[in-house]
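The tour goes from one selection to the next and says what to look for at each stop.

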Amino acid sequence: MTQSLTDWLQQRRFTVVAIDTPGSRLRVRGADETCSDLSCHQQTVVVTDDGLGGSLAVLNPGDIVKIESGAGRLEKIVVLRRVWDEIASPEL
């Protein structure tokens, strides 16, 4: 069965549940409602709508993100939608 573009995109989106900045860890929830704990490293970059945020400190619980990994490591976290944009959405 072929997956639609919308389904493909939703499966690659995660909601930030918790951020442990000192421990360089991030807990996210996927489309299937399961949570995963991710370990970040010094080279992990957070990309926000206003440019590179740099660290986990710019993330908030409820943010919608996309995770990009390479060579078995978390390389980039891209913020797709901020929690305050989600709450203000007319879809709710």
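**Before selecting.** This is a predicted model, in which local features need pLDDT of at least 70 and side-chain atom pairs count only at pLDDT 80 or more, while totals for chains, interfaces and linings use all residues. Residues are numbered from 1 along each chain as its sequence is written, and side-chain values use heavy atoms, with hydrogens and water left out.

Stop 1: Side chains of opposite charge can pair when their charged atoms come close. The criterion used for a salt bridge is a side-chain nitrogen of Lys or Arg within 4 Å of a carboxyl oxygen of Asp or Glu. Across the whole structure, five such salt bridges are found. Select Arg82 and Asp63 to see one of them, with an N to O distance of 2.8 Å. Arg82 sits in the loop between strand E7 (73-81) and helix H2 (83-87), and Asp63 in the loop between strand E5 (51-52) and strand E6 (64-70), so the pair ties together parts that are 19 residues apart in sequence. Helices (H or I, at least four residues) and strands (E, at least two) are DSSP runs, numbered from the N terminus. Are these two residues buried or exposed? Both Arg82 and Asp63 are buried. Buried stands for under 20% relative accessible area, exposed for over 50%, and partly exposed for values in between (1.4 Å probe, protein chains only).

**Stop 2: Lys66, Glu68 and Lys76.** Select these three residues together; a network of salt bridges links them. Begin with Lys66 and Glu68, whose side chains meet at 3.4 Å, N to O. Then move to Lys76, which forms a salt bridge with Glu68, the closest N and O atoms being 3.8 Å apart. Colour by accessibility: Lys66 is partly exposed, with a relative accessible area of 31%. Glu68 is also partly exposed, at 30%, and Lys76 is partly exposed at 32%.

**Stop 3: Ser24.** Go to the loop between strand E1 (13-20) and strand E2 (25-29), where Ser24 lies. Phi of Ser24 is near 55°, a positive value in a residue other than glycine. Ser24 counts as partly exposed, with 28% relative accessibility.

**Stop 4: Glu33.** Which loop holds Glu33? Glu33 is in the one between E2 and strand E3 (35-39). Check the backbone here: phi of Glu33 is near 70°, a positive value in a residue other than glycine. At 56% relative accessibility, Glu33 counts as exposed.
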